[in-house]
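Let's walk through this structure together, one region at a time. Keep the sequence and the 3D view side by side as you read.

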Amino acid sequence: RIIIGWMSNWDYALKLPTAPWRGALTAPRELRLIRNRNGIRLAADPVRELDQLKGERLAHEQNIELRDSRRISSDRPLPNLIDLEMHINWENGGSEDWALEFRNADGESLTFDFQVSLNQLTVDRSGASVGIESTPDFMREISAPLDLGGLQAMGIRILKDSSSIELFLDDGRSLLTLNYFTDQPLDQLEISPRGSEHPLTIASLDIFELSGTWE
């Protein structure tokens with residue numbers, strides 16, 4: 001089963017700072033049923049055909065431990081369209097809380113806080129709200145549950161466009177989609193451990209440039 005969602009929110013859909021249209025559709029997603037400790041649940045992943053849009057691999061990391069913040073792909077700016085896949089684990093007592101931040105040299109930023117210790121993901125897009133910063137429903141913090149069922153590892157896939165991001169967590173068991181608006185591209189990526197003396201372990205990380213489908 002394939003689904004394509006509407007990528008907006010009725011609370012602020014008419015206030016988006018875009019023209020000549022407002023809103024967009026998500027990447028196509030393949031639905032499937034999975035079984036976990038809570039019973040049967042619905043999961044979703046990007047359709048396999050999206051792999052055909054992958055171009056140059058921009059970054060590759062494997063088996064690294066972070067004790068401090070680290071910029072990924074620091075040799076050049078990231079393009080607007082990227083496909084990021086990473087696997088984090090804390091099986092050996094490593095940090096289970098971390099932040100992933102897209103930002104630029106002008107101070108604009110979009111921050112994802114993965115708080116596994118609280119079973120929660122929070123998003124701060126107040127630094128990526130040009131033209132809509134006076135809309136409270138857009139500016140509020142976004143949160144989503146992270147229920148890993150006791151697992152000590154997580155897979156993350158991120159599809160990033162010029163004004164939208166789609167997250168697929170834990171093999172499609174948790175999803176989060178949002179819009180953001182900046183004056184300049186968010187062309188830097190930084191990953192930081194949070195609130196622990198133990199390092200954050202990145203088993204693997206790959207970033208690919210994506211080709212656009214709009215002409």
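In which loop does Asp170 lie? Asp170 is found in the loop between E12 and E13, where strands (E, at least two residues) and helices (H or I, at least four residues) are DSSP runs numbered from the N terminus. Before going further, a word on the model: it is predicted, with local features needing pLDDT of at least 70, side-chain atom pairs counting only at pLDDT 80 or more, and totals for chains, interfaces and linings using all residues. Residues are numbered from 1 along each chain as its sequence is written, and side-chain values use heavy atoms, with hydrogens and water left out.

How far can you trust the coordinates? The predictor's confidence in each residue is given as pLDDT, from 0 to 100. The protein chain has a mean pLDDT of 90, and 98% of its residues reach 70 or more. Confidence is lowest in strand E10 (residues 142-145), at a mean of 88, and highest in E1, at 96.

Back to Asp170. Its phi is positive, about 55°, although Asp170 is not a glycine. Asp171 is in the loop between E12 and E13 too, and its phi is near 60°, again positive in a residue other than glycine. These values stand out because most residues other than glycine have a negative phi. Are these two residues buried or exposed? Here buried means under 20% relative accessible area, exposed over 50%, and partly exposed in between, using a 1.4 Å probe and protein chains only. Asp170 has 10% relative accessibility, so it counts as buried, whereas Asp171, at 45%, counts as partly exposed.

Now follow the chain into the strands around this loop. E12 and strand E13 (residues 174-179) form a hairpin with four residues between them. Their pairing is antiparallel over six bridges; strands count as paired if DSSP finds at least two bridges between them. Within this pair, Ser164 stands opposite Asn179 in E13. E12 also makes a hairpin with E11, this time with three residues between the strands. Strand E11 (residues 153-160) runs antiparallel to E12 over five bridges, and Lys160 is opposite Ile165 in E12.

What covers the two faces of E12? Ser164, Glu166 and Phe168 on one side are buried, and so are Ile165, Leu167 and Leu169 on the other. Because six of the six residues of E12 (residues 164-169) are buried, the strand is largely enclosed by the rest of the structure.

Two of these residues lead us to Phe114. Its contacts (heavy atoms within 4.5 Å) include Leu167 and Leu169, along with Trp98, Met154 and Ile156, not counting residues up to four places away in sequence. Phe114 is also among the residues with the most contacts inside the largest nonpolar core, which has 41 residues. Such a core is a set of buried Ala, Val, Leu, Ile, Met, Phe, Trp, Tyr and Cys residues joined through side-chain atoms within 4.5 Å. A second, separate core of six residues includes Ala27, Val47, Leu50 and Leu159.

Finally, turn to the open sheet of three strands, ordered E1-E2-E3 with antiparallel pairing. E1 and strand E3 (39-46) stand at the edges with a single partner strand each, so one side of each is left without a neighbour in the sheet. Eight bridges join E2 to E3, and Asn36 has Gly39 in E3 as its bridge partner. In the loop between strand E1 (2-3) and strand E2 (29-36) you will find Pro20, joined to Ala19 by a cis peptide bond with omega about 5°.
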